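User: Hi! Could you walk me through this model?
Analyst: Happy to, let's have a look.
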Amino acid sequence: MRIKSFIRSNPVFVIAGAAALVSMLIVPPCPAYASYIDWRTIQLLCCQLLSVQGLMRSGVFSDISGLILKRASTSRSLCALLIFLCFFVSMLVTNDVSLISFVPLTILALSRTGISDLLIRTLVLETIAANLGSMFTLFGNPQNLYLFNLSGLSGLQFLILLAPYTLLSLALIAGSVFLIPARKLEMGAGAQKKAEEGRGSKSKRRRALRLASACLLTLCILVVFHLGNAFFLLILSAAVYAVLDRKVLTGVNYILPLTFIEFFILTGNIQALPGFSQTLSRIIGGRELVTAVLTSQVISNVPAAMLLSSFTGNIRALILGTDIGGLGTLIASMASLISFQFYGTSRDARPGKYLAVFTLYNGIFLAALLILAAAAGAL
């Protein structure tokens, strides 16, 4: 039963692992395998996961939740705060962490304030906001960090590349939020209690953990721009959390960096087959953005970036394609499954309606961003 649950929770990891094992039968393990893996990306990813887990353990997101519930006065303002928080927070702590932090709060807040009829629309917009806000930064989407290391772009060039799409996304989200009705909220006892809990007690240990995590996340950003050593930062991060809170070390989901390693092995072995590799390169060449968007719909955008980057040098198009490609199907971005799973456990859940609304909104946003890409000559 545990094995089945693990497979359901980590389908990309399992499939990538199986594919990597099959490729190892075709290209037997050899010393060249070590060169397949971009260890700097893996180290930076682990550093980021640790610092974000530290922030979560320090209660920073609970404090934010309390502030939200205290300040919202109408259904529109409450939903807007939650949706825009997902958009901006995902830029620093990834789309999945943003959704893990705010989706449960959304379900509770909307039910306690008597606007549960707006839950599906709000969760769908939160998911879209997290997926689109995260595309703007190197840390928002895991594939951004990897592709940035391949691209040769400067940090400013990366931001300029994504800025038009981020601004359009923000405008579309704002327009969608404006359509949410503005009803007066009646703060129930449960919601009021949640707001009080959000403020929580701030012990010296929690404050130290919060400060250390913020500093480590800042150092991680600096190391991305080659202002430091990723390996030493990883050692420092592990040491800090071993002293302050060992549960940070055990609470990190290491499946993501392991999945990256699986894809490094798979794509490395595919590249070792010249005929097959050249054929794929010819198919993808000149169609990188569209190929990335379509591939993301089937295997999600992170593995799509890992796979396609081995067969084209047009990394700019892959960055755009995999970021935009996080919209569309429920698995286009694995973070989208987080919202769906949380919603499925809520009272009176209607998964069919959720999927219909999710597909409609994602289709509209995806079409708008592709039109912008075509107008900018990126297609």
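Analyst: One term to begin with: a contact means heavy atoms within 4.5 Å. Among contacts in the chain between residues at least 6 apart in sequence, 81% join residues at least 24 apart.
User: Thanks! What kind of model is it, and how are residues numbered?
Analyst: It is a predicted model, where local features need pLDDT of at least 70 and side-chain atom pairs pLDDT 80 or more, while totals for chains, interfaces and linings use all residues. Residues are numbered from 1 along each chain as its sequence is written, and side-chain values use heavy atoms, with hydrogens and water left out.
User: How many helices and strands does the chain have?
Analyst: There are 21 helices and zero strands, counted as DSSP runs (helices H or I, at least four residues; strands E, at least two) numbered from the N terminus.
User: How much of the chain is buried?
Analyst: Buried residues, meaning under 20% relative accessible area with a 1.4 Å probe and protein chains only, make up 51% of the 379 residues.
User: Switching topic: where does Ser51 sit?
Analyst: Ser51 is in helix H4, which covers residues 39-57.
User: Is Ser51 buried or exposed?
Analyst: Ser51 is buried, since its relative accessible area is 0%.
User: Which residues is Ser51 in contact with?
Analyst: Leaving aside neighbours within four places in sequence, Ser51 is in contact with Ser213, Leu216, Leu217 and Tyr241.
User: And what does the side chain of Ser51 reach?
Analyst: The Ser51 side chain reaches the backbone oxygen of Gln48 at 2.9 Å.

Conventions: Buried < 20%, exposed > 50% of the residue type's maximum accessible area, 1.4 Å probe, protein only. Polar contact = N/O pair within 3.5 Å; in protein donor to acceptor, adjacent residues only side chain to side chain.
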